[in-house]
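Let's take a friendly walk through a protein model, starting with its aromatic rings and ending with a pair of helices. Keep the 3D view open as you read.

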Amino acid sequence: MTVFLLVWNLIGLGAPVFGAAMLLGWVFGRADAAAVGAAGIAFAAGAVVAGAGLVTSGRDAGRVDAGSAHAIGWVHVLAAGAALVVSILAVLQSQATGAWGLGFIVLDLVVGALYFVVFRRKPTDGSKRWRRAVDQLAAAVSALDDDTRARILADIGDAIDELETAGRIPESVAAEARQAPPGMLGARFAPREA
């Protein structure tokens, strides 16, 4: 089942890119006609997979990361948008085979655009998620008995002292780490990509 889902998702993302690539031969003059029909079939496959994902995930859109959903939408919108422009130009110049493929390209474009409509990013999404995680952590720490909490804080303090003594962290970071609430060290001091 895992392999099937992997292949299914690869088809959903790869089909529109493959469909757009099928038109490149005509764009660069290596083909006499643009294969709009064949590209349309690839876009139809992508639209089916992305549409199925939209239906299943859209039922619980609030739990789906909007950034990930938008990435899927961008793949479909950009590939289908570029293919649509090329296909229309080819049809207008009577250099297209399978002009009916335009409909499938438009379908994939619409499905990709729906990812932006269904999975809207609210301005406070990130802060609400972060606040919820912090609140859950605070509740878990406060549920500990005093002895356990004191032992954990002592262990964390010893670990910070060892890192500072070994020269792994500077004194300023060690001082700041000692002030961080229990459990927040990873979130506060984890390396981040620039």
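Rings of Phe, Tyr and Trp (its six-membered ring) count as a pair if their centres lie within 6.5 Å; planes under 30 degrees apart are called stacked, over 60 edge-to-face, and the rest tilted. A search of the whole structure finds 3 aromatic pairs. Trp100 and Phe104 form an edge-to-face pair, because their ring planes stand at 85°, with the centres 6.2 Å apart.

Before going on, a word on the source: this is a predicted model, in which local features need pLDDT of at least 70 and side-chain atom pairs count only at pLDDT 80 or more, while totals for chains, interfaces and linings use all residues. Residues are numbered from 1 along each chain as its sequence is written, and side-chain values use heavy atoms, leaving out hydrogens and water.

How accessible are these rings? Buried means under 20% relative accessible area, exposed over 50%, and partly exposed in between (1.4 Å probe, protein chains only). Trp100 is exposed at 53%, and Phe104 is partly exposed at 33%. Tyr115 and Phe119 make a tilted pair, 5.7 Å centre to centre with 35° between the planes. Tyr115 is buried at 6%, and so is Phe119, at 3%.

Now find helices α7 (residues 146-165) and α8 (residues 171-179), which pack at about 175° with their axes 10 Å apart. Helices here are DSSP runs (H or I, at least four residues), numbered from the N terminus. Axes are lines fitted to C-alpha atoms, for helices over the stretch in contact, and angles run from 0 to 180 degrees between N-to-C directions.

Notes: Helices (H or I, at least four residues) and strands (E, at least two) are DSSP runs, numbered from the N terminus.
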